[in-house]
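Hi everyone, thanks for coming along. Please have a look at the sequence and the model on the screen, and then I'll walk you through them.

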Amino acid sequence: MLRRVWVAGAAAGATVVKGNFRNFIYEQKYYSGVAAIETIGVCSEKEKRSYYNNWLVLPAFSTAADGSAIGKKLYGQSPSANMTILKWVLKCYPELPRCLVQKLFRLRRVRKKSSDNIEEGQPRRVSATDLMKTGDVILLPKSVIESSSTKSSTKQSSFDEEECRFARSLVLYKDADIIAVNKPPGLPVQGGLGIKRSLDELAAKYLRYGLKEYPRLVHRLDRDSSGILVMGRTQLTATILHSIFREKTHGVSCNVISNERTLQKEYLALVIGSPRRQEGLISVPLMKLVVDNGKSDRITVTNNRQSPLAQHAVTKYRVLDSTSSDYTWLELSPLTGRKHQLRVHCAEVLGTPIVGDYKYGWQAHKKLGLSSISEDGKGDETLNAGRGSICDGEFLLHLHCKVMVLPDISQALSHGDDLNELRVSNIQLDAPLPSHMQKSWDLLNITK
């Protein structure tokens with residue numbers, strides 16, 4: 001029989017485990033000796049104390065902490081047990097570098113006390129891909145946690161007051177589990193080579209709001225597009241949200257399109273020209289082509305649906321208003337989440353490229369004698385303020401994620417282990433237009 005002893009305060013030799021699962025783990029303190037785990041009738045008290053003094057005991061696994069299963073249930077799919085031991089360790093200790101945890105598995109330093117073999121002696125070695133079962137307990141070497149804490153305490157993060165004000169000015173919505181921002185055009189979502197400032201780095205530094213964990217990305221927006229971007233404030237909620245976004249694309253790819261969609265996104269786009277029909281459903285697969293001797297790539301439509309490179313892509317569109325000046329405002333609802341999906345569907349299927357999209361609509365812009373914002377100005381979203389509209393001669397991309405509807409994750413987590421009774425309300429987010437799109441909207445005198 002295996003049982004955990006919960007204590008109100010840490011005693012000598014105790015290890016503090018700080019969790020990130022609301023209503024599951026907040027701060028759990030385990031004695032590192034016999035008080036942490038009692039294994040009845042297995043070995044002597046001296047042997048137990050000697051063994052467990054060298055290990056950090058993680059909380060027993062519960063389905064309430066399986067974000068992927070919760071996300072599938074919220075989307076209406078049957079949840080399946082797919083929590084690996086690697087994922088569980090990273091959930092319990094998100095501050096540990098992933099590469100360090102993977103090294104522990106390679107060195108066979110991770111142990112598991114299985115709920116199926118409680119009568120066995122010492123916990124057995126496990127691999128990173130082994131699946132967790134309810135009640136399983138994982139043990140890690142204490143030395144890894146201590147060395148990681150020492151390294152993290154030596155890191156100094158610079159704080160910029162102006163940068164902090166900018167990052168927090170983007171916040172549209174925040175609760176205990178998610179945070180949503182209104183991404184400006186020109187700001188990359190993810191950092192990389194040659195990128196000075198990115199949204200994920202800003203969020204990690206300035207959008208924690210007292211939490212030990214940093215917000216995590218669960219979906220993407222193109223660098224030049226703008227609008228709603230949702231992040232999970234903990235690893236658990238990020239996993240739930242990522243599962244919802246993934247199930248949305250997978251469900252549509254399997255021809256499962258529901259009228260009551262769990263996740264809804266609406267984009268506003270200004271395009272050159274006008275579609276033949278006022279509304280419709282585009283279901284055309286996309287594929288990636290490598291160009292310029294492998295230096296770049298572009299997405300294009302393909303007629304070969306059976307190709308392993310083809311990705312099913314579905315977009316609903318509706319004409320909001322057409323003007324006499326060759327521009328049309330469209331409402332776009334992507335039912336799948338493919339790279340550059342809306343831009344390619346508008347340019348290559350509807351024949352109406354989005355204003356400012358020189359990658360997929362260069363010929364249309366060239367006919368109108370239009371040019372793009374110079375590369376010097378594109379790299380900094382603050383330099384683009386007030387410019388890039390249809391009256392400026394140099395266009396920014398007119399594509400904005402304006403509305404998003406998603407499940408209330410906080411309400412879902414309050415249900416605890418009972419996934420069968422998971423019924424939650426929705427959260428609706430609405431993001432104001434960026435200055436260049438608002439200016440174009442006003443110039444065309446559009447009334448919705």
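Let's begin with two strands: S14 (residues 279-283) and S17 (residues 314-322) pair in the antiparallel sense, over 5 bridges. Two strands count as paired if DSSP finds at least two bridges between them. Helices (H or I, at least four residues) and strands (E, at least two) are DSSP runs, numbered from the N terminus.

Before going on, a word about the source: this is a predicted model, where local features need pLDDT of at least 70 and side-chain atom pairs count only at pLDDT 80 or more, while totals for chains, interfaces and linings use all residues. Residues are numbered from 1 along each chain as its sequence is written, and side-chain values use heavy atoms, with hydrogens and water left out.

Back to our strands. Leucine 281 stands opposite lysine 316 in S17. S17 is also joined to strand S18 (residues 327-334) by 7 bridges, and these two run antiparallel. Here arginine 318 has glutamate 331 in S18 as its bridge partner. If you are new to sheets, strands pair through backbone hydrogen bonds, either parallel or antiparallel.

Now for another sheet. In what order do the 4 strands of the open sheet come? The order is S5-S8-S6-S7, with antiparallel pairing. Strand S5 (55-57) and strand S7 (124-125) stand at the edges with a single partner strand each, so one side of each has no neighbour in the sheet. S7 pairs with strand S6 (residues 111-113) in the antiparallel sense over 2 bridges, and arginine 111 has arginine 125 in S7 as its bridge partner.

Next, let's look at what is inside. The largest nonpolar core has 51 residues, and the ones touching the most other members are Val230, Leu332, Leu399, Met404 and Leu406. Helix H8 (residues 235-253) gives the largest share of this core, 6 residues. A nonpolar core here is a set of buried Ala, Val, Leu, Ile, Met, Phe, Trp, Tyr and Cys residues joined through side-chain atoms within 4.5 Å. Buried means under 20% relative accessible area, exposed means over 50%, and partly exposed is in between (1.4 Å probe, protein chains only).

Not counting residues up to four places away in sequence, leucine 332 touches Lys265, Glu266, Tyr267, Ala269, Lys316, Tyr317, Leu342, Cys346 and Leu399. A contact means heavy atoms within 4.5 Å.

Let's stop at leucine 104, in helix H4 (residues 98-106). Is leucine 104 buried or exposed? Leucine 104 is buried, with a relative accessible area of 5%. Beyond four places in sequence, leucine 104 touches Arg109, Val110, Leu140, Pro141 and Val144. Leucine 104 and valine 144 are 40 residues apart along the chain, and their C-alpha atoms are separated by 8.8 Å.

Another helix to find is H9 (residues 341-349): 7 of its 9 residues are buried, so H9 is largely enclosed by the rest of the structure. The buried ones are Gln341, Leu342, Arg343, Val344, His345, Cys346 and Ala347. After H9 comes glycine 351, with a positive phi near 75°.

Arginine 343 brings us to salt bridges. A salt bridge is a side-chain nitrogen of Lys or Arg within 4 Å of a carboxyl oxygen of Asp or Glu, and by this rule the count comes to 10. The side chains of arginine 343 and aspartate 357 form one at 2.8 Å, N to O. Arginine 343 lies in H9 and aspartate 357 in the loop between H9 and helix H10 (362-367), so the pair ties together parts that are 14 residues apart in sequence. Both arginine 343 and aspartate 357 are buried, and salt bridges link Asp222, Arg343 and Asp357 in a network.

Finally, how far can we trust the picture? pLDDT is the predictor's confidence in each residue, from 0 to 100. The protein chain averages 77, and 69% of the residues score at least 70. Over residues 1-42 the pLDDT stays under 50. Where pLDDT is low, the predicted coordinates should not be read in detail.
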